[in-house]
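Subject: Structure handover

Hello,

Here is the structure we talked about. My notes follow below it.

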Amino acid sequence: MHSIIQQTAASKTLTLTTTPLPTPNHAQEEHLIQIKACSPCAGELLWPKNFPPPTERTLIPCPDMAGIVIAAPQDSPFQPGDEVYSRTNYIRPGNAREYSIAVTDELAHKPKGLSWVQAAAIPVSAQTAWQVLFVHALGTQGNEGVDLEVAKDAWAGKRVLITAASGGVGVWLVQLATLLGAEVVATCGSRNVELVKSLGAKEVLDYRVVDLKEWAMQSPSNKSLGDAWWAVKDGGVVLSIYQPPSQVRPDGFAGEGVKDLFFVMQPVRRQLEEISKLVEKGLCRGLVDSVWPLEQYEEVFQRLDGGHAKGKIVFDLSLNH
């Protein structure tokens, strides 16, 4: 099969080559998946160097995928022929290949009516946003955070600032926070302001024009990660998936009772199944920036590194030669 391989953990160099098909271990709940579409994650080529996998493995990018189950454990809820999608675990090679491995607790049924490309744009972004809003911001790390009504009660009347709101995770944060009843203030570039408003944001700030510190101080309610610290009110939470917020806490910040949290999302089947339901009901949607064949992997990762993708960049394996 065709696979994109990262040559070494210390190098971001990629090659497209042929590799053997993986063999699933059904005793460990592994499924063989024919990959129809997959999506890379910003910065992931630095992960093997900065966060080495717990056991040595082939370095294949793209944690997000959508595809068809080819082989499965007998007792799995996902059987051959089922259409699934997933953000697979970092302990195994990623999904920039024609066949891959996923375990039961990572998989969910692909939302009905979505194309492979549309489905592959969802898992890591949607689950990250879900875990921000349903688990970490609410301090409910002890459970999977899948009760929509409980979360609505907790978020009602709260105000949330979402930076990079037109990015892969940002578009899901805006939609889910709005769905939960929070008032959303978002930042993005000027060309994406209308998009972010259409997703539910009440106020959208062009980060190239607006200084967040000035905005926070001038805000009538004064609901006061660099600059985002200035916008958090006493008793609030600064939460980041990029780096620990405490590392960029500005000098002079005097807020009280402010919690800060950095986390890395983990795939949770029940959360992704709930996301599928919201997508099927038309309450949320993924956003595809662009679609590429595997052969154009160099252009894809250049675009990803540029930091200006609107939504997710997706490989469509049906485009491969």
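Which residues in α3 meet which residues in α8? On the α3 side they are Pro123, Ala126, Gln127, Trp130, Gln131 and Val135, and on the α8 side Gln271, Leu272, Glu274, Ile275 and Leu278. By type, the residues of this contact divide into seven nonpolar, three polar and one charged. Please keep in mind that this is a predicted model.

Two packed helices are described by the angle between their axes and the distance between the axes. Here, helix α3 covers residues 123-136 and helix α8 covers residues 269-280; their axes come within 10 Å and cross at roughly 105°. Angles of 65 to 115 degrees count as roughly perpendicular, so α3 is roughly perpendicular to α8.

I also looked at Thr187, which sits in strand β9 (residues 183-188). Its relative accessibility is 7%. The cut-off for buried is under 20%, and Thr187 therefore counts as buried. Leaving aside neighbours within four places in sequence, Thr187 is in contact with Leu161, Ile162, Thr163, Ala164, Ala165, Leu205, Tyr207 and Leu212.

Last, the two ends of helix α4 (residues 148-155). At its start, a side-chain oxygen of Asp147 reaches to within 3.2 Å of the backbone nitrogen of Glu149. After α4 comes Gly157, with a positive phi near 80°.

Regards

Definitions and conventions: Residues numbered from 1 in each chain as written. Predicted model: local features only at pLDDT ≥ 70, side-chain atom pairs only at ≥ 80, totals over all residues. Heavy atoms only, no water. Helix = DSSP H or I, 4+ residues; strand = E, 2+ residues; numbered from the N terminus. Buried < 20%, exposed > 50% of the residue type's maximum accessible area, 1.4 Å probe, protein only. Contact = heavy atoms within 4.5 Å. Polar contact = N/O pair within 3.5 Å; in protein donor to acceptor, adjacent residues only side chain to side chain. Axes fitted to C-alpha atoms, helices over the stretch in contact; angles between N-to-C directions. Parallel < 35°, antiparallel > 145°, perpendicular 65-115°, else oblique. Nonpolar A, V, L, I, M, F, W, Y, C, P; charged D, E, K, R; others polar.
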